[in-house]
Amino acid sequence: MHAINVFSPDFDVDDCLAEIRTCLERGWTGMGFKTDEFEAAFCQYAGLDHAHFLSSATAGLHLALEVLKRADGWADGDEVITTALTFVSTNHAILHAGLTPVFCDVDAMLCLDPDAIERAITPRTRAVMFVGLGGNAGQWDRVVALCRRHGLRLVLDAAHQSGTRLNGQAPARDADAAVFSFHAVKNLGTADGGMICLPDAKLDAAARRLSWLGIDKTTFERTAASGTYQWRYDVPEVGFKYHGNSVMAAIGLVQLRRLERDNAERRRLAGLYDARLAPVGGIDRVPMAAQCTPSRHLYQVEVADRDLVLDRLRGMNIHPGVHYQLNTRFAPYDRFSASLPRAEQASDQLLSLPLHVKMTDGDVQVVCDALADAVALPMAA
Ligand SMILES: Cc1ncc(COP(=O)(O)O)c(C=O)c1O
């Protein structure tokens, strides 16, 4: 029986190599050229005004908070409402920016619960960090409305949301900042990369400067304008080295072209999982939001005795993932821990079933049969 892994990246190899070749032949592999092309293509695809290609979403989430903090004059220690059921990048960004994470519980879709957000708002709350887990939109419209009502900035961790639509549009369009991930195993995967999308032109310009060490002109701009290298620039503030490069953007461009097709296939496979798992007792499928056409980066279920079920599946050469361990269980977040009953339960019971475009319908059947067997066997004494 071949191994069935949670992720398995797929690339149009010749097309990727052809795009990379244009960078090598032109002698431009850094920021500019392909990164400009990828940014424009991504804006057009997602219906966004600005997009800036970065080395990762981790960098982008930190950058988003830095840009907003500097623009709005937030103080160190000001609060950002966030989820603990996420990859640590989401919350590391808050700490990196010198802000305080305030953890709130999630809803049935495992996204931040708007009622819990509302209860957690204090005079020091400046922003909400919303994670579209697995490509879900959760109760996004309610979160947008409550942020507007309370004058809070809304940052969308859209790491899993490449191609997600809510009522036909990218949820990112309603965020003050949205950050996508093109990490190797994401549904739009490169080797590493991210995109920060800021609707405000001034904030977009600030993000571009801060992602390039605070320098006011990129090397590409300085060179492309005259065709010769121009050395002079200014550094009005201290920034970070967070921008992306043309080689990664070349792969991103090719992956973007197939994103709609890939996501449709993910949704089709998810539909097969739904149909086959619905009648099986002991398996709770995480619902997607109504009106949401998800990217389906993940297909998540909850089971009792998750670790044992995982062991049993591994014994059958099936290798699901766990997204995620509760961040408040990690040392840096100890002192911010809060009562999060739903997120805690999910963290103990969740597993992400294999879902990628190389899977066959037969693979889905094998996983479903194995999972049904694994939950039906007696649990350990
Ligand atoms: C929810 C979430 N946020 C942020 C990130 C960080 O993305 P990157 O690997 O591009 O830095 C990830 C990646 O795993 C993620 O899953």
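Which side chain does Glu260 meet in a salt bridge? The partner is Arg165, with an N to O distance of 3.0 Å; a salt bridge is counted where a side-chain nitrogen of Lys or Arg lies within 4 Å of a carboxyl oxygen of Asp or Glu. The model is predicted, with local features requiring pLDDT of at least 70 and side-chain atom pairs counted only at pLDDT 80 or more, whereas totals for chains, interfaces and linings use all residues. Residues are numbered from 1 along each chain as its sequence is written, and side-chain values use heavy atoms, with hydrogens and water left out.

The chain is divided into domain 1 (13–257) and domain 2 (260–376), with bounds taken from an automatic or database domain assignment. Taken over C-alpha atoms, the centres of the two domains are 26 Å apart. Contact, defined as heavy atoms within 4.5 Å, involves 36 residues of domain 1 and 35 residues of domain 2. Between the domains, about 3,000 Å² is buried, with carbon and sulfur atoms giving 59% of this area; buried area is the accessible area (1.4 Å probe) that two parts lose on being put together, summed over both. Leu85, Phe103 and Asn187 supply 19% of the area that domain 1 buries against domain 2, more than any other three residues.

The count of salt bridges between domain 1 and domain 2 is one. Across this interface, 20 residue pairs are in polar contact, both residues being at pLDDT 80 or more. A polar contact is a pair of N or O atoms within 3.5 Å; within protein, one must be able to donate a hydrogen and the other to accept it, and residues adjacent in sequence count only if both atoms are side-chain atoms.

The largest nonpolar core holds 53 residues, of which Phe42, Val128, Trp140, Phe180 and Met195 touch the most other members. Such a core is a set of buried Ala, Val, Leu, Ile, Met, Phe, Trp, Tyr and Cys residues joined through side-chain atoms within 4.5 Å; buried means under 20% relative accessible area, exposed over 50%, and partly exposed in between (1.4 Å probe, protein chains only). A second, separate core has 28 residues, including Ala127, Met129, Ile196 and Phe240. Residues touched by Phe42, beyond those up to four places away in sequence, include Phe180, Met195 and Leu256.

Gln325 counts as exposed because its relative accessibility is 53%. Its C-alpha atom is separated by 33 Å from that of Leu213, 112 residues away along the chain.
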